[in-house]
Amino acid sequence: MSRILLKNVTKQFDTRGGGKVTAVDNFNLEIKEGECFSFLGPSGCGKTTTLRMIAGFEDLTEGEIWLGDRPVSVKEKNLYVPPEDRGLGMVFQAFAVWPHLNVFENVAFPLRVKKTPSGELREKVMTALDHTDLTGAEKAFPSDLSGGEQQRIALARAIVTSPSVMLLDEPLSNLDPKLRESMRFEIKALQKKFNFTIIFVTHDQSEAMALSDRMLVMDMGKIIQAGAPREMYEQPANQFVYGFLGQSNFLKVRASEGKIFPAGSEVSLDSPVAGAPEGGEGLTASRPNEIILGRTAGEGGVRGRVEKRLYMTYCVEYHVEVAGQTVRVHGPHRDALPEGSECFLGFRNARWYDAESAEAELERTERQVI
Amino acid sequence: MKFFLTSMFGKETSRGDRRFGLDRMVFLLSLFILVVTVLMPMIMIVVRTFFKEGAPDWEMFVRVVLEPENLSAVWNTIKIGFLVTVFGTVLGLFYAWLIGRSDIPMKGFMKALFTIPYMFPPFFGAMAWSLMLAPRSGYFNKWFMSLTGGTTPLLDINTVGGIVFVETCYYFPFVFLQVVSALERMDPTLEESARIAGAGQWYVIRKITLPLVLPAIAAGAMLILISSISHFGVPAILGFSNNIFTLPTKIFQLINRAAGSFEGIREGAALSVLLVVVVVAALYIQRLVLKTGRYDIIKGKSMRPMLIKLRGAKIPLLGISLLSLFVIVALPLFMIFIVGFLKAYGLPLTLKNLTLRNYEYILGQSKMVRDSIVNSLILSVGSGVVTMFLGVMIAYVIIKVRPRGKGLLEMLSLLPYSIPGLVLAIGVILVWSGAFGVNLYNTIWIIFIAYIARYVSFAMKSASASLEQVHYSLEEAARSCGATHLESLRDITIPLIRPGMIAGFFLIFLPAMRELTTSVLLYGPFTRTLGVAIYAINSEGNTVQASALATVAIGIIILGHLVLRYVTRERKGL
């Protein structure tokens, strides 16, 4: 049983000024056995603190954490199981391989702690090294190896005891983009083989979407939305989640008589906006790659003018001025529109959001300073 | 040397142009100063030891080394050095762990206290502990004897044990500071990943933390060992009366007894060679013990390390720490302070026995004392300024110019680290008392030259630290804006490292102000330094006046540290 349960988990830190800051606020979550679950959010949102509470590096201020049928932190009963007795595997952002031990000894460490007989120890270490493509490097010291190889040592060390839960604390963010992609697959493959539950902390949305069965987006210590990646991407709960899960435009608009008008314009968008009310002001969220760029009025859409064109690798990015606001649009390289030309934008899958309060934004920036 | 010079001039600089003249000049000037102040004295010691009137002479060296008195001094030196290193390391490690990894309260306060022994010369401690634990006259022993009615003292500080104790009190911060800083910079996930792997707190300390901070421990322990082996003040004050000699005090006694005779200085030089051999052996053994390299343990985002909960042990440990800190740091300073106000040494410490007469005497009537304060101020400020600029020059050559031969320059500038102050003094005497046509003996200049050699390593280290912060591109940006090399130095580099230069000045000024070891061999009738004056007054038995003067010195040093702290606080703006 390796379901993970967090009940009303709250963590407060004392600040230097003598006050308190709530890093994790009444967090409730159940992660299923064998699931790959991602915590996504900006820095300072509380995702790492939550992970460290599950690992046992931080005590809770309130609430309880269960690993399977076993309570590991229950504040009410003052129960706290230290990290070494939780039987978890963990991989850290900075690899945390021990520079004074060679690859073999790094991987063997968890087994040596358990006083595993040497024959069995050797066998298990070699299996772990084999699974992480490190066979032949046993005698090398971490300082002789590349970042990717060091992270593989960390992975091998985490799987060598076949834990049922694996905690990954931004394990890919210190690697270069190519390596990052291949490591993603390796982690997935390892999970299939060893069948452990993964909790994956990251601030990279594409990483989270690629890896996870389910994920959550956190902000200011609270879960904003949880669900499967596709569901989250297609139906973001609010402007923050929408903005966090991909490139986005937020157009200030006004709804009236079933139509949507850009602020200050008498010409409507001519595209449906999901969730729009009958009347009132708000935002229309859209993704640059989901906007259709037309050349003539006949193709439909709202009129705009190309202010700027950027030639990029995956697409051509246009900054299109619509009624005084700028909309980013991605189009193909072929027959790219020149700067200054007139165009017509058709919004697909656009969504309506009430404007977020400026206060929330302010609090978010303050939190990052802490 | 000839090959070396031609190879330097022969080198074509790709940057070519006007740079050639200035950089080359700075290089040669620094090299010249280092050869004259550091290398020549060392060479002269070897020459004078093994040559007599131009002919090789091994006899004297063998005779001096095999003399039983000197052999026992060697044995004492090694014994004291070893014990101080062991106790100092254990003590330093204990406090470092307590402050770096436990949840003990009052950490900031304790850390501040730990740096205090750094500020004051160990011979102040020896004086203070003499006041308390000298076998018959020490206040604690007298109290103890009057309490028990017997004549056996509680503890005798004038023993090898006493010397070890006082030196340990002053040298353990070497290990403490090294290890605390290593623990603070260490990536906490290195320890956390071991916890996750199933290891308990003590297992992690043994298998992960200790091996990772081992280089820091070894560096600190080596500093203790070298400092103790070359140390003069404590064994001089505590050991002479009981005929306990170490190599440095033996060298001092030989030179003093010889009263300037050439044969006496030669014997001193021979013992100096022996002392350097002991230091080099210690360095070599340290390197053997520590074959492991330096690890890069500082990466990743810094999280607060998990602190070990002391629970029930918290209050007792805090009590022990505060008490031991009080004994090591506060008590000796307090004793010196209070005895400085006593009418006569030995009187009970009551209000009616206090007086300001000692201060009147040392600050008003004694010309010798006034001279010594003035001398020390001139010497510290003068050598501070000159050495600091020399350090900047050397660091500039090593870091920015990087000519062929920079290795030699670096080695020469770091050499004084491992030369005991007394040995340096003998070398300086041999070079500057007429051997090369210049006789500075008994003048303030000979001390000045010795100070430059003694402190050039500090200056170089501090200047390189700040120069390394100044990226090449900053100077190059100035050049690209049309500034000449000299202008870019003057307007960009120097202003950027100015705070580092000021801090570097104080790093020389402060120890020079209390210097004893080197000046005790070099002073003349009118060129006593503050340290020498305190030492001399104390040896004459004028304990109360020595304490008063030591209190004055403590005041000057504290003032200097306050200024230093103010200056380095400004530095954050860089």
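**Close-up views of a predicted model**

**View 1. Two parallel strands side by side in chain A.** In this predicted model, strand S8 (residues 165–169) of chain A and strand S9 (residues 197–202) of chain A run parallel and are joined by 5 bridges. As a reminder, the strands of a sheet pair through backbone hydrogen bonds, either parallel or antiparallel.

View 2. Stepping back, you can follow an open sheet of 6 strands in chain A, ordered S7-S8-S9-S3-S10-S11. The pairing in this sheet is mixed. Which strands sit at the edges? They are strand S7 (89–91) and strand S11 (222–227) of chain A, and each of these pairs on one side only. On average, neighbouring strands of the sheet are turned by 15° against each other, with direction ignored.

**View 3. Where chain A meets chain B.** Here the contact draws on 19 residues from chain A and 24 residues from chain B. On the side of chain A that touches chain B, helix H2 (residues 103–113) of chain A supplies the largest share, 3 residues. What kinds of residues make up this side of chain A? They divide into 13 nonpolar, 3 polar and 3 charged.

Note on methods
Residues numbered from 1 in each chain as written. Chains lettered and ligands numbered in written order. Predicted model: local features only at pLDDT ≥ 70, side-chain atom pairs only at ≥ 80, totals over all residues. Contact = placed C-beta atoms within 7 Å. Helix = DSSP H or I, 4+ residues; strand = E, 2+ residues; numbered from the N terminus. Nonpolar A, V, L, I, M, F, W, Y, C, P; charged D, E, K, R; others polar. Pairing = 2+ DSSP bridges. Axes fitted to C-alpha atoms, helices over the stretch in contact; angles between N-to-C directions.
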